[in-house]
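Me: I would like to learn how to read a model with two chains, one feature at a time. Please give the general idea where there is one, then the case at hand.

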Amino acid sequence: MAFINPKTKEVQIKIVYYGPGRGGKTTNLEYIYSKYDHRIKTEMVSLKTHGDRTLFFDFMPFDIGSVLGYAIKIQLYTVPGQVKYNATRRVVLRGVDGIVFVADATKSVREKNILSLKNLYENLKSYNKSIFKVPLVLQYNKMDLAEQGIPLLSFDRMQKDMNAQLKVPAFPASALTGTNVIHTMKQIIKLTLPSVQQNLKEEVMS
Amino acid sequence: MSYTLEHKQLEAIDDLLQHDLIDMGVTCVLLIDMAGNIIANIDNGKRKHDIYSLAALAAGNFGAVSAMAKIIGEDEFSLLFHKGKKENIHFSRVSDEFLLVSIFGNQVSLGFLRLKVAETIKTIKDLLKTAKKF
């Protein structure tokens, strides 16, 4: 839930990267951090296990400039993807304004994407939010693996699996090489901002 | 969905935190929401913390501890406190949506802090009643 602060002239927006384990959520944030470190004044916070898997979440604040005189602060989070960490996933999802769903396009993990999307639907429901209403962008990650001969699902197949009902923007990407990582982030900000902008206008007018 | 507070509400909260907690020796106070957004932040000017990361971690930590309480059949734990060598941190729920985080040194006793925080929260609750939701 975005917070508009008329005193500090600041808007804080929460974007969560969701998706199955080992899908590339943390790698998305790491790539953004490496490209925009001049705009990110702090270290990226990562709560990881010894095996380098996300245990709780990653967090990174990101300034994107101002709208109507208000500085927009985007807070990027990831969730742990592994099925067993659902309780912590739900904690991180609280108050979310926009979601990037990072799906793994590797053929062998097709089922995991669908289960994770279903899990997102259920967790949003527990906060009385609908997956059909929350700003959402899909990213089909690991496209770079095709070069190594690893079988991938086609964009059309992924669309049928994940996006047949949602009909939200979707992009093939490679978090490792950075292909479409920034584009995905820009898209989710673009989808999330209009509702906040409308509220800001009301705030500025009042 | 977004929400906002009026300028004068935020001023009143800042004044309250300054007077009730910072002037009593507390190093830094954050009023945050459960999503990890910072509503108010006052410190004694002596040390600068990375408050955005702190708020994100505090909200996550509080959410995790609440979930643990429910697993063992408690509504919530009444005392959430971490003790360090020089600095300590205390969390207190203001309402379902808001959380007060106080960082304080060893010159302030935990009992005194809890008393002051409880008083402060009563007033904050009244001030937050009129948060405008869109």
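**Reading the two chains**

Reply: Chain B has three helices and seven strands. The model is a predicted one. Along the sequence, the elements of chain B follow the pattern β-α-β-β-α-β-β-β-α-β. The radius of gyration of chain B is 14 Å, close to the 14 Å given by the globule rule for 134 residues, so chain B is as compact as a globular protein of that length. Its C-alpha trace spans about 45 × 40 × 25 Å along the principal axes of chain B.

Me: How many helices and strands are there in chain A?

Reply: Chain A contains five helices and eight strands. Starting at the N terminus, the order in chain A is β-β-α-β-β-β-α-β-α-β-α-β-α. For its 206 residues the globule rule gives 17 Å, and the radius of gyration of chain A is close to that at 17 Å, so chain A is as compact as a globular protein of that length. The C-alpha trace of chain A spans about 55 × 35 × 30 Å along its principal axes.

Me: What share of the residues counts as buried in chain A, and what share in chain B?

Reply: A residue is called buried when 20 or more other C-beta atoms lie within 10 Å of its own. In chain A, 46% of the 206 residues count as buried. In chain B, buried residues make up 34% of the 134. For contacts between residues at least 6 apart in sequence, 72% of those in chain A join residues at least 24 apart; for chain B the figure is 57%.

Me: How should I read a helix, and which residues of α3(A) are buried?

Reply: An α-helix has 3.6 residues a turn, so residues three or four places apart point the same way. Helix α3(A) covers residues 110–126 and reaches 25 Å from its first C-alpha to its last, close to the expected 24 Å. Asn113(A), Ser116(A), Leu117(A), Leu120(A), Asn123(A) and Leu124(A) are buried in α3(A). Seen down the helix axis, the buried residues of α3(A) fall within an arc of 125°, so they line one face. The face turned away from that buried side carries exposed residues, namely Glu111(A), Lys118(A), Glu122(A), Lys125(A) and Ser126(A). The cover over the buried residues of α3(A) includes β2, α2, β6 and α4 of chain A. After α3(A) comes Asn128(A), with a positive phi near 60°.

Me: Why does Arg53(A) count as partly exposed?

Reply: Arg53(A) has 14 C-beta neighbours inside 10 Å, and therefore counts as partly exposed. Arg53(A) sits in the loop between β3 and β4 of chain A. Leaving out residues up to four places away in sequence, Arg53(A) touches Gly21(A), Lys48(A) and Gln82(A).

Me: How is an interface described, and how many residues does each chain bring to the contact here?

Reply: The size of an interface is often given as the accessible area lost when the parts come together. Here the description is by residues: the contact takes 25 from chain B and 25 from chain A. On the side of chain B that touches chain A, β1, α1, β3 and α2 of chain B each supply at least two residues. The largest share, eight residues, comes from α2(B). By type, that side of chain B divides into 13 nonpolar, eight polar and four charged residues.

Me: In which sense do β1 of chain A and β1(B) pair?

Reply: The two strands pair in the parallel sense, over three bridges. Within β1(B), Tyr3(B) is the bridge partner of Phe3(A).

Notes:
Residues numbered from 1 in each chain as written. Chains lettered and ligands numbered in written order. Predicted model: local features only at pLDDT ≥ 70, side-chain atom pairs only at ≥ 80, totals over all residues. Contact = placed C-beta atoms within 7 Å. Helix = DSSP H or I, 4+ residues; strand = E, 2+ residues; numbered from the N terminus. Nonpolar A, V, L, I, M, F, W, Y, C, P; charged D, E, K, R; others polar. Pairing = 2+ DSSP bridges. Rg over C-alpha atoms; globule rule 2.2 N^0.38 Å. Buried ≥ 20, exposed ≤ 12 C-beta atoms within 10 Å, placed from the backbone. Expected span 1.5 Å × (residues − 1). Arc of directions from axis to C-beta.
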